[in-house]
Amino acid sequence: MSSVLAADGIVKRFGAFTALDGVSFRLERGRTLGVVGESGSGKSTLGRIVMRLMAPDAGVVTLGDDDLFSMTERQLRMARRRIQLVPQDPRHALNPTMTVQQSLAFQLRAQGVPTREWSARCVELLARVSLTADYLHAYPHELSGGQAQRIAIARAIANNPEVIVADEAVSALDKSVQAQVLNTFAELQSDLGVALFFISHDLAVIEHISDDVLVLNRGEVVESGPTRAVLDDPKDPYTRVLLDARHSAEAV
Amino acid sequence: MSLGTTSAASGGQLDDQTPLTLDASNVSVSFRSPRGGWNTVVDSIGLGLERSQVTVLLGESGSGKTVFARTITGMAHPAAKVEGTVEFDGVELLSADRRALRRLHGDRIGMVPQDPNSSLDPMRRIGGQITETLLQHGKAPNRAAALVRATELLELVHIADPERVLHNYPHEISGGMRQRVAIAIAICCEPELIIADEPSSALDASVGVQVVRLLDDLRERMETAILFITHDIGIAALIASKPHDRVAVMLGGRIVELGFAHQVLHNAQHEYTRALLAAEPSANTPRGELAVVPDEVRMRRDWGPLRDVEPGHAVASTPQEVTA
């Protein structure tokens with residue numbers, strides 16, 4: 001099976017500091033790769049590189065069959081639709097002067113969807129993230145954190161992406177709302193076959209949503225593989241430290 | 001047991017004779033609404049805190065947990081309308097003047113903030129910040145003695161090379177170390193009460209667990225009461241480690257469930273608490289099927305008073321039960 005997103009030997013340095021040191025992974029269609037690590041592990045840097053928001057010092061990122069970093073600007077504009085970002089804080093990512101409908105329509109226009117179809121498509125996109133058409137005319141500040149995050153997801157899927165990069169996308173949400181957003185991600189995946197590159201420091205979330213997991217520590221992949229196998233029987237001491245932190249918080 | 005003003009204190013307290021470190025009765029906090037009238041952010045909460053006991057305020061954002069904790073320690077927002085009484089060693093904290101509060105804060109009531117960066121002075125060395133607090137509260141006769149004590153305190157919070165850290169500026173040490181320094185300052189006068197507001201949520205999980213364990217260990221050694229604020233059920237379970245520790249679940253400015261940690265976390269009776277526990281992500285729940293806290297429950301504000309369901313465990317009744 002060919003992967004929708006893959007990286008090979010990614011190295012990224014900031015001055016003398018090596019943020020990523022030879023990171024490789026493969027993400028297949030409709031699967032979730034959980035990227036876990038503590039602050040400074042390099043997980044967000046990796047997210048930025050696979051979105052081509054930042055160039056690596058070495059290594060290759062391929063989106064489908066295309067090398068992400070040898071694309072022309074024009075090719076890149078097309079490619080950007082195939083890989084979409086859902087950030088940690090949706091209220092900063094949504095344009096505060098645009099209603100929900102305007103934000104979504106902006107994406108549809110870029111794809112050349114005819115104007116007369118916008119309204120129906122927007123309602124459809126909201127339904128995908130379990131929101132009613134009542135929200136079409138809301139501004140970001142009128143939305144709760146969970147609603148805004150679901151709008152950010154709707155905006156991402158407006159582009160029919162193959163991959164969604166979720167960078168701590170549920171970390172800032174209250175637990176009750178977090179469950180809704182995690183359910184939304186899972187539904188999209190089973191309905192649309194979109195692959196998730198899911199970055200989180202929260203092992204409970206990673207355990208729940210990921211098929212495969214990549215454990216990063218100081219820029220290196222210390223462990224990777226199917227989530228169950230890695231977390232049930234961690235081989236690396238750092239993974240064990242992360243799991244200990246979680247289990248000690250769980251053992252009531 | 002009476003359901004009067006201190007009704008909430010029934011939850012988690014088996015023995016009415018234990019003297020309370022802090023006794024809050026019927027505390028309400030409201031802010032003037034931009035649309036006129038008042039918004040009630042904390043609604044008639046009664047809570048007693050005991051020595052060596054951890055009381056966790058567990059709630060989501062906007063539940064009023066931080067406002068309540070700040071108010072009962074005499075740090076109400078200046079624009080707030082505060083009602084009720086809070087007794088701390090014979091002093092009524094809500095009406096105490098600034099001088100009286102200044103004597104209590106840092107001396108008998110210690111604060112551990114969420115973000116140590118906002119409580120430590122970035123321009124001064126760690127040593128100076130600890131010794132200043134010690135000297136100000138008369139805990140050391142002179143600077144040399146204060147430095148010796150500061151070194152001991154850093155050892156107490158498990159900092160390996162205290163002499164070096166005393167000479168460091170806050171930015172030169174890690175986030176976890178800064179939080180330990182903040183704890184060292186909070187405990188330097190051996191307070192009877194520590195208020196810890198999400199002390200681990202800005203830290204990496206493994207570091208956060210160490211900080212929580214440290215607080216757990218210190219309250220036993222120093223017989224301190226801890227009021228611990230968190231939104232994280234796992235962290236609540238970790239800090240409320242002793243059988244007599246309590247968890248208070250906050251929703252919409254009220255305590256809707258209060259009891260010993262094992263009662264609230266393993267035998268939750270209030271529908272909000274149950275829904276919140278069920279919403280925890282886990283590998284055992286199939287993807288897409290996480291339980292969601294119903295908005296009707298989360299937004300509801302007309303819960304009845306707390307009633308005991310078993311010794312030490314009190315739950316706010318649902319409105320139907322009240323009318324029935």
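**Reading the features one by one**

Me: Is Glu207(A) buried or exposed?

Reply: Glu207(A) is buried, and its relative accessible area is 12%. The word buried stands for a relative accessible area under 20%, exposed for one over 50%, and partly exposed for what lies in between (1.4 Å probe, protein chains only). Please keep in mind that this is a predicted model, in which local features need pLDDT of at least 70 and side-chain atom pairs count only at pLDDT 80 or more, while totals for chains, interfaces and linings use all residues. Residues are numbered from 1 along each chain as its sequence is written, chains are lettered from A and ligands numbered from 1 in the order in which they are written, and side-chain values use heavy atoms, with hydrogens and water left out.

Me: With which side chain does Glu207(A) meet in a salt bridge?

Reply: Side chains of opposite charge can pair when their charged atoms come close. The rule for a salt bridge asks for a side-chain nitrogen of Lys or Arg within 4 Å of a carboxyl oxygen of Asp or Glu. Here Glu207(A) meets Arg228(A), at 3.3 Å from N to O. Arg228(A) belongs to helix 9 (residues 227-232) of chain A and Glu207(A) to helix 8 (residues 203-209) of chain A, so this pair ties together parts that are 21 residues apart in sequence. Helices (H or I, at least four residues) are DSSP runs, numbered from the N terminus.

Me: Which other residue forms a salt bridge with Arg228(A)?

Reply: Asp232(A) does so, with an N to O distance of 2.8 Å. Both residues lie in helix 9 of chain A, 4 residues apart, which is about one turn of the helix. Asp232(A) is exposed, at 53% relative accessible area, whereas Arg228(A) is partly exposed, at 38%.

Me: How many salt bridges are there over all chains?

Reply: The count is 27. One of them joins Asp161(B) and Arg164(B), at 2.7 Å from N to O. Asp161(B) is partly exposed, with 30% relative accessible area, and Arg164(B) is partly exposed too, with 42%. Salt bridges may also form a network, as they do among Asp216(B), Arg219(B), Glu220(B), Lys242(B) and Asp245(B).

Me: How should I read the interface between the chains, and how much area is buried there?

Reply: The size of an interface is often given as the accessible area lost when the parts come together. Buried area is summed over both parts and uses a 1.4 Å probe. Chain B and chain A bury about 2,500 Å² between them, of which 54% is on carbon and sulfur atoms. Asp204(B), Pro281(B) and Arg287(B) provide 27% of what chain B buries against chain A, more than any other three residues. In this contact (heavy atoms within 4.5 Å), chain B takes part with 30 residues and chain A with 27 residues. There are 2 salt bridges between the two chains. Arg287(B) forms a salt bridge with Asp211(A), where the closest N and O atoms are 2.6 Å apart.

Me: At what angle do helix 4 and helix 5 of chain B pack?

Reply: Axes are lines fitted to C-alpha atoms, for helices over the stretch in contact, and angles run from 0 to 180 degrees between N-to-C directions. Helix 4 (residues 126-136) and helix 5 (residues 143-156) of chain B pack at about 120°, and their axes are 9 Å apart. Among the residues that make this contact are Ile130(B) and Leu134(B) of helix 4 and Ala146(B) and Leu153(B) of helix 5.

Me: Which residues of helix 4 of chain A are buried?

Reply: In helix 4 (residues 100-110) of chain A they are Val100(A), Gln101(A), Ser103(A), Leu104(A), Ala105(A), Gln107(A) and Leu108(A). Their cover includes helix 5 (115-128) and helix 6 (145-157) of chain A. Gly112(A), with a positive phi near 80°, follows helix 4 of chain A.

Me: Where does Thr99(A) lie?

Reply: Thr99(A) is in the loop between helix 3 (90-93) and helix 4 of chain A. This threonine, Thr99(A), is buried, with a relative accessible area of 9%. Apart from its neighbours within four places in sequence, Thr99(A) is in contact with Leu136(A), His137(A), Ala138(A) and Tyr139(A).

Technical notes. Helices (H or I, at least four residues) and strands (E, at least two) are DSSP runs, numbered from the N terminus. Buried area is the accessible area (1.4 Å probe) that two parts lose on being put together, summed over both.
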